[in-house]
Amino acid sequence: MHRIKTMALGVSSAALLTGMAATGAQAEELTLCWAAWDPANALVELSKDFTAESGIGMKFEFVPWTNYADRFLNELNSKGQLCDLIIGDSQWIGGSAENGHYVKLNDFFDKEGISMDDFVPATVVGYSEWPKNSPNYWALPAMGDVVGWTYRRDWFEKPELQAEFKEKFGRDLAPPTTFEELRQIGEFFQKREIDGKTVYGASIYTERGSEGITMGAMDVLYSFGFKYENPDQPYDMEGFVNSEDSVKGLEFYKALYDCCTPPGSSNSYMGEGIDAFKSGQVAMHMNFAFTWPGLYKDEAVGGDKVGFFVNPKGPGGDQYAQLGGQGISVVSYSQHQEAALKYIKWFADKDVQAKWWSLGGYSCLKAVVEDPGFPASQPYAQTFLDSMAIVKDFWAEPSYASLLQASQKRFHDYVVAGNGTAKEALDNLVKDWTEVFEDDGKL
């Protein structure tokens, strides 16, 4: 998922102008639609090679995350011809396939020798397939992403803090491997003074308006045992969404919010988390992996001061992480489908994918991420690999927006507003989601 996000990072106008200017003299042009964020800058640079090789110019329509879903879903639903290619959210696959917005790519993949077996399996299921776990492909995995954590490595390595933590907890102050360890570390740093400044334990997702608190809560609930439905009976959610383990997971997420977050954290998502980490407010920071290159390069908190760790394990040893990222699709209303398919073929090439990673994109191609040199290619590369191996994702149903609105309300009302109990929140969520699927004729 990745989605209707509030984002502090954006595509620079200079990068856009550079990408567009290069296309001015081309006989044919493609417009690629995506969100306005740092990876889009990298894609502008990467796509210059496509223009040089093919003679096809590239234009880019990049929209801030706050307007991304509304803008492009409206474009698709109106059968608009703005976008020839679109890097759409993983949650759009179901609706876009069933409503005919995307070109089905199976025949094209077969013709060009593009195999989905060459991509990380989780990204194929998450970004390309509809129905899920069927060989029906509507996108090429384009931008791998997953929720993980950054931490202030320089604070963790302070000898006086290491000694104090060891005395209190009987273990080293190190990146947590369980959520209980994460909570202990959060409490240890909460309202502590470091370098003359009061700091806090962790920045987590709490945003109400789009998808933030759902992404954060699910990132924890998965590892506590949450399941969306009965594995043997689709859309049967009673006793799974609101299981005893799920309740414990949601209670933990509220406890983490109450104990360990900075003041003013009641509506925090990616941009706010970045700000909290960069400004030196927090010891740990929940966020999608796309933020890691920028944080590592940050003069104030990057370099040797920052470290990365995988989403921790739950109390029973389960370990999962919330999937992010997107696939790239050909829009069925495009008048340039042949040229758009050429771009897909070019983008799938191993050398192009390797350059995509080097520029700051997150390749999903096995030949790139399973290369022996990949883990050492960036300080966060191994954490990315380990995280992508444990991903789960939110509903990708055509009615995902209604499903998401329900979880946003139920989670925020309980975790942030403190209304009711975790059991009541999840019981109500089962009712909400049941109504959605009844309206869809699936129950």
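Biologist: Is the link of Cys33 and Cys83 left-handed or right-handed?
Modeller: This is a predicted model, in which local features need pLDDT of at least 70, side-chain atom pairs count only at pLDDT 80 or more, and totals for chains, interfaces and linings use all residues. Residues are numbered from 1 along each chain as its sequence is written, and side-chain values use heavy atoms, with hydrogens and water left out. A disulfide (a pair of cysteine sulfur atoms within 2.5 Å) joins Cys33 to Cys83, S to S 2.0 Å. The angle about the S-S bond is -95 degrees, and the link is left-handed.

Biologist: How many residues apart in sequence are the parts that Cys33 and Cys83 tie together?
Modeller: Helices (DSSP H or I, at least four residues) and strands (E, at least two) are numbered from the N terminus. Cys33 sits in strand β1 (residues 28-35). Cys83 sits in the loop between α3 (65-77) and β3 (85-89), so the pair links parts whose separation in residues is 50.

Biologist: Which pattern do the disulfides of the protein follow?
Modeller: The structure holds 2 disulfides. Cys259 and Cys260 form one of them, with sulfur atoms 2.0 Å apart. That link is left-handed too, at -85 degrees about the S-S bond. Counting bonded cysteines along the chain, the pattern is 1-2, 3-4.

Biologist: Is α18 roughly parallel or roughly antiparallel to α19?
Modeller: Axes are lines fitted to C-alpha atoms over the stretch in contact, with angles from 0 to 180 degrees between N-to-C directions. α18 and α19 (residues 422-439) pack at about 165 degrees, axes 9 Å apart. Under 35 degrees is roughly parallel, over 145 roughly antiparallel, 65 to 115 roughly perpendicular and the rest oblique. That makes α18 and α19 roughly antiparallel.

Biologist: How does α8 lie relative to α9, oblique or roughly perpendicular?
Modeller: α8 (residues 159-169) and α9 (residues 179-189) pack with their axes 12 Å apart, at an angle of about 125 degrees. That makes α8, relative to α9, oblique.

Biologist: Which residues is Lys342 in contact with, leaving aside neighbours within four places in sequence?
Modeller: Lys342 is in helix α14 (residues 337-347). Its relative accessible area is 45%, so Lys342 is partly exposed. With contact taken as heavy atoms within 4.5 Å, the partners of Lys342 are Phe50 and Ile56.

Definitions and conventions:
Buried < 20%, exposed > 50% of the residue type's maximum accessible area, 1.4 Å probe, protein only.
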